[in-house]
Amino acid sequence: MIASSTQHIPDRLDLQEIDSRIEQCPSLPSLGSINKALQGLLFAEQRYSAQISEVIRRDPSLTSRLLRLVNSVYYGLSTPVNSIEEAVFYLGVRQIRQLTMVTPIIEDFQRLSTQCSFPWRGFWQHCIGTAILTREVVSLAQSPPDESDYIAGLVHDVGKIVMAWSFPEHFSEIHRRASLAAQDLEEIETEVLGIDHSQLGALYLERHKLPDLMVKSARFHHHPERAEGHELIIASVQIADLLMRSARIGCSGNFAEVTAEQCLQASGWRVLFPNQAAAEQTIARASLHRCLERLPSVLEGLV
Ligand SMILES: [Fe+2]
Ligand SMILES: [Fe+2]
């Protein structure tokens, strides 16, 4: 994490200012390697919608934009689309091609801003890994999991991308502080910007009319017990996020250490298994740890 010593410290903003910047927030940026892979597929002679969906599933920004697009074009559908495959089917190659053509690349933006070198590739791994683990946790508590829980995990920290993109000076200052101290990231975000990444992400997704589950996942992934609706999936996102951080896989941008103890005490467990015997919880945890062990090599091949 780098910041120049002469860096200007921006003023904290009020909610109205934050909200109006979010309203004007252009397309969220994607990771260069993913956008390139997707464009390669979209312009190939032979392509399959399953392959296209598979690449989009690795990118929280593209996924959010795809779902926003499909739900605004087909807003008359009785239930909003919250599956990537379905969105790809409805939109077709031509519209997805247009979407990728106007996609900004986060590494280009970082090169331009030069203020803060945030480990974006590690962050993308954090998002994908959290999504994969969310499905595992959900499948332990209920059956069968569906695509929406994966997406809830994928976009849980979208507020950090919104912050970097719409409030670059604040983001830079927040991550300068986060890398120095063991202070909690949300506390720093609130002090510097006036809002934390959970609230910001939820505000962004809500403004862009994304399904309620995604909005709630962004908003309550650190406090699933406060979510009114979708508690099971959001509790799974919390556990997945903590497991990723405690195993130090990828980089969430939150440098405060998460111990195995904190993972075990998370409120999400009580939401997931309110009446379950300790032995069953132990089996669930063992199965999650096996999945966690395989994740680094899975992620290496994805991002
Ligand atoms: Fe978070
Ligand atoms: Fe996270």
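Modeller: Before we start, buried means under 20% relative accessible area, exposed over 50% and partly exposed in between, using a 1.4 Å probe and protein chains only. The model is predicted, so local features need pLDDT of at least 70 and side-chain atom pairs pLDDT 80 or more, while totals for chains, interfaces and linings use all residues. Residues are numbered from 1 along each chain as its sequence is written, chains are lettered from A and ligands numbered from 1 in the order written, and side-chain values use heavy atoms, without hydrogens and water.

Biologist: Fine. What coordinates the iron ion (ligand 1)?

Modeller: Asp-157 through OD, and His-197, His-221 and His-222 through NE2, at 2.1 to 2.3 Å. Donors are N, O and S atoms within 2.8 Å of the metal (3.2 Å for Na, K and Ca), and water is not among the atoms, so sites may look incomplete.

Biologist: Which geometry does that site get?

Modeller: Irregular, with angles of 81 to 169 degrees among the four donor atoms. Four donors are tetrahedral if all angles lie between 85 and 135 degrees; four are square planar and six octahedral if opposite donors are over 155 degrees apart and all others between 65 and 115; anything else is irregular.

Biologist: And which residue bridges to the iron ion (ligand 2)?

Modeller: Asp-157, with the two iron ions 3.9 Å apart. Asp-157 sits in the loop between α8 (147-154) and α9 (158-166), and His-197, 40 residues apart from it, in helix α12 (residues 197-207). Helices (H or I, at least four residues) and strands (E, at least two) are DSSP runs, numbered from the N terminus.

Biologist: Is Asp-157 buried or exposed?

Modeller: Buried, at 1% relative accessible area. His-197 is buried too, also at 1%.

Biologist: New topic. How many salt bridges are there?

Modeller: The whole structure has 13, each a side-chain nitrogen of Lys or Arg within 4 Å of a carboxyl oxygen of Asp or Glu. One of them joins Arg-57 and Glu-147, closest N and O atoms 2.5 Å apart. That pair spans 90 residues, from the loop between α3 (49-56) and α4 (60-73) to helix α8.

Biologist: Which residue does Arg-135 pair with?

Modeller: Asp-149, at 3.4 Å between the closest N and O atoms. Arg-135 is in helix α7 (residues 120-141) and Asp-149 in helix α8, so parts 14 residues apart in sequence are tied together. Arg-135 is partly exposed at 25%, whereas Asp-149 is buried at 1%.

Biologist: Which residues form a network?

Modeller: Glu-173, Arg-176, Arg-177 and Glu-191, linked by salt bridges.
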